[in-house]
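Hello! Here are a few notes to read alongside the model, taken point by point. Please keep the viewer open as you go.

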Amino acid sequence: GAAPTKDVAWEKSVCRFCGTGCGVMVGTRNGKIVAVQGDEKNPTNKGLLCIKGYSLPGIVSGQDRLTSPMIRKGGKLVKATWDEALDLVARKFGETLKAHGPESVAMYGSGQWMITDGYAASKWFRAGMGSNNVEANARLCMASAVTGFMTTFGSDEPMGCYEDLDLCDVLVLWGNNMAENHPVLFSRVLENKRKNPKMQLIDLATRRTPSTDAADLYVEFQPQTDLALANGICHLLIKKGLVDRDFVEKHVVFKKGKTGIGYGLEDRFKFADEAKLSTFDEFTTFLADYSPDKVEKLTGVPVATLERLADTFGNSKLKVMSVWCMGVNQHSRGTWMNNLIYNVHLLTGQICKPGATPMSLTGQPSACGTVREVGTLAHRLPADMVVMNPEHRALAAKIWKVPVEKLNPKPGLNTVEMFRAFDRGDIKCLWIQTTNPFVSMPNLNRYRKGAKKGEGRFIVVSDVYPTETTQFADVILPAAMWVEREGMFGNTERRTQQWNQLATPPKGCMADDWQILEVARRMGYGHLFPTDPKTYVRELFEEYRQFTLGNGKDVASYEDLKSHRGLRWPVVNGKETARRYVEGEDPYVKPGEGIKFYKNKADAGKAVVWLRPFEPAAEAPDKDYPLWLSTGRVIEHWHTGTMTRRVPQLNRAVPKAFVEVHPEDAKALGIQDGQTVRVVSRRGTLDLPARIDGRCKVQKGHLFIPFFDESLLANLLTLDSYCPISAEPDYKKCSARLERV
Ligand code: SF4
């Protein structure tokens with residue numbers, strides 16, 4: 001616990017930044033945050049925080065907090081009262097709905113939304129307006145993880161837990177820079193290494209990062225060829241007789257087909273998918289194309305290293321864990337790549353055991369809790385349910401107390417298609433909360449053009465600070481954030497965490513869920529929502545919880561969450577579940593069943609090994625654009641930097657974006673470290689300083705740009721092609737050229 005300090009009240013909360021979900025103790029005096037420290041009682045971080053966590057007080061106290069609603073009048077944003085702003089938003093949504101139907105309105109939220117924000121938005125849209133155009137920016141980071149889980153296991157979110165990081169003998173990073181992007185979890189890995197000298201860290205990546213510095217084996221591969229790498233490992237597992245035949249017999253079915261179940265396919269959605277059953281023999285034949293020499297040629301990974309990887313996964317005496325994040329998800333075949341990592345674990349039985357598990361990490365603090373569990377993607381309802389399924393709609397109608405006909409069975413538009421529809425003018429009213437799409441969308445020029453068109457389009461933006469996105473707003477609504485309100489997040493390991501309102505927001509700032517309820521009430525949907533300002537958060541959460549009970553997704557009661565440092569679902573009789581699908585741990589697995597993937601009812605409780613081929617990237621280097629360009633994050637900044645750039649020490653540490661260049665490419669162009677260079681892609685141009693000898697090292701022929709800098713927009717260059725199953729864009733691969741300025 002936190003040290004008692006005179007006049008300072010300490011209470012539990014959760015870090016506002018990444019998906020790790022570290023517990024923080026927040027010290028307040030007279031309603032103002034005066035300090036934070038890591039929460040020693042929180043099992044996630046046991047008192048540790050990273051530099052972003054320690055900077056939490058700074059994110060609420062930037063000099064330019066938005067504190068008054070603004071309305072655009074005569075081209076200028078002018079101050080307005082809350083009543084004026086909310087009346088205008090309600091009138092615009094109401095008129096648009098009446099004139100153009102439910103497909104003309106849209107809401108774009110965030111994995112930084114609190115659970116009740118997403119739930120309120122989803123209910124207002126689906127049960128109120130009959131529209132499924134509710135999306136969240138987690139489409140841009142976690143959608144491929146969702147489709148990967150759904151297609152392989154029939155249920156979203158990991159079976160493993162953070163304790164597995166302490167227990168594994170081998171940790172394989174599939175294209176993620178864990179040291180910078182999940183630093184507190186990475187410290188658990190380093191602690192495991194310290195205690196267990198045999199523990200190995202294997203870094204599979206396209207660029208050297210601080211994670212590589214700690215690795216025992218660095219395996220560099222060419223972009224997009226991770227598909228072939230995973231298939232190559234499976235090829236060798238079979239060839240070397242390292243498949244756990246007993247596990248496969250009991251727990252696996254084989255399937256082929258391009259899409260799988262098709263979650264996320266929106267317009268092209270097929271409920272009865274085109275997947276067909278396959279067999280182990282057919283899988284073996286399919287893998288003939290991934291012999292070690294062929295895979296070496298494609299990936300650049302030497303045969304001996306491939307053999308070592310297969311021997312590692314196939315060693316039943318070792319507990320092997322895999323983790324991944326954006327490198328796998330932001331991929332033109334992100335769903336396939338998730339499936340392929342599961343293939344490796346399922347073939348070897350390295351799953352559902354302490355220290356042996358695949359685990360997809362989340363980027364945002366509530367990508368799991370708010371977006372995936374509450375279902376704020378355009379085709380989803382809470383608890384893995386989907387709008388296309390009549391039984392799921394019937395349950396939603398019952399809980400929401402609306403006629404089932406009110407619920408639209410047609411999925412709304414995914415994020416990229418939503419912004420394209422806005423550009424065309426098909427979507428006319430768009431409300432953006434807690435995210436900055438006019439920095440974070442790929443191929444930005446295309447979407448900023450639509451936002452600038454003005455006429456016939458109406459944009460509402462709720463945020464804490466002015467951003468690139470608020471510039472385009474017709475109405476700005478100032479938001480209360482983090483501990484200025486009561487809230488809940490759900491982290492990577494299924495842990496739902498609650499905190500009370502601890503600080504007073506600046507006068508004029510209101511919570512996102514309150515804003516939604518007020519607009520809904522003004523449109524005549526007040527009957528859908530609670531009204532008591534003191535209890536509405538609890539009431540919304542308890543209503544959402546009704547979707548989860550009895551189906552393996554049970555979240556804890558609000559009361560239980562208040563008195564715990566989070567609980568991992570399924571929570572039955574107040575008891576959390578560390579590992580899913582495991583007898584003795586998961587209450588849904590019956591005595592004698594051992595391991596059961598019970599959510600995959602279509603395949604009798606077995607998981608699916610998919611036959612997924614290599615496919616080239618959507619855009620690859622050529623003679624005009626000869627370099628690979630990738631984008632990502634740095635430890636100091638959160639996403640588009642709107643909060644961390646207002647924290648002086650973080651801003652001083654990395655004040656500006658840069659482009660990482662390989663020394664030989666720099667030498668060929670006569671470029672010095674720090675010199676301004678021009679990066680050109682088919683979609684845009686960006687002048688920024690070259691970094692030749694930084695903390696990360698790109699391969700020859702590769703570039704990397706972080707995307708946190710609103711004044712140097714990396715996404716002017718990126719490509720907006722996306723995985724056809726998850727609709728998640730590939731931010732990690734496009735082609736570019738480098739020029740001297
Ligand atoms: Fe916050 Fe993530 Fe850092 Fe933990 S690791 S303190 S959750 S940013």
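1. Phe707 sits in the loop between E28 and E29. UniProt, in an unreviewed entry, lists Phe707 under "binding site"; such positions are given in the numbering used here, feature names are shortened, and annotations may be inferred rather than shown by experiment.

2. A word on the basis of these notes: this is a predicted model, in which local features need pLDDT of at least 70 and side-chain atom pairs count only at pLDDT 80 or more, while totals for chains, interfaces and linings use all residues. Residues are numbered from 1 along each chain as its sequence is written.

3. What does Phe707 touch, leaving aside its neighbours within four places in sequence? Its contacts are Ser440, Thr631, Thr640, Ala714 and Asn715, where contact means C-beta atoms, placed from the backbone, within 7 Å.

4. Helices (H or I, at least four residues) and strands (E, at least two) are DSSP runs, numbered from the N terminus.

5. E23 pairs with strand E28 (residues 702–706) in the parallel sense over five bridges; pairing requires at least two DSSP bridges between two strands. Trp628 stands opposite His702 in E28. Three bridges join E23 to strand E29 (residues 734–740), and these two run antiparallel. Leu627 has Ala736 as its bridge partner in E29.

6. Elsewhere, seven strands form an open sheet of mixed pairing, in the order E5-E4-E18-E17-E16-E6-E7. Strands E5 (76–79) and E7 (134–136) stand at the edges with a single partner strand each, so one side of each is left without a neighbour in the sheet. E5 pairs with strand E4 (residues 70–73) in the antiparallel sense over four bridges, and Lys73 has Lys76 as its bridge partner in E5.

7. Finally, have a look at His235 in helix H10 (residues 226–239). His235 is buried because it has 23 C-beta neighbours inside 10 Å. The C-alpha atoms of His235 and Leu287 are separated by 5.5 Å, although the two are 52 residues apart along the chain.

Technical notes. Two residues are in contact if their C-beta atoms, placed from the backbone, lie within 7 Å. A residue is buried if 20 or more other C-beta atoms lie within 10 Å of its own, exposed if 12 or fewer, and partly exposed in between; C-beta atoms are placed from the backbone.
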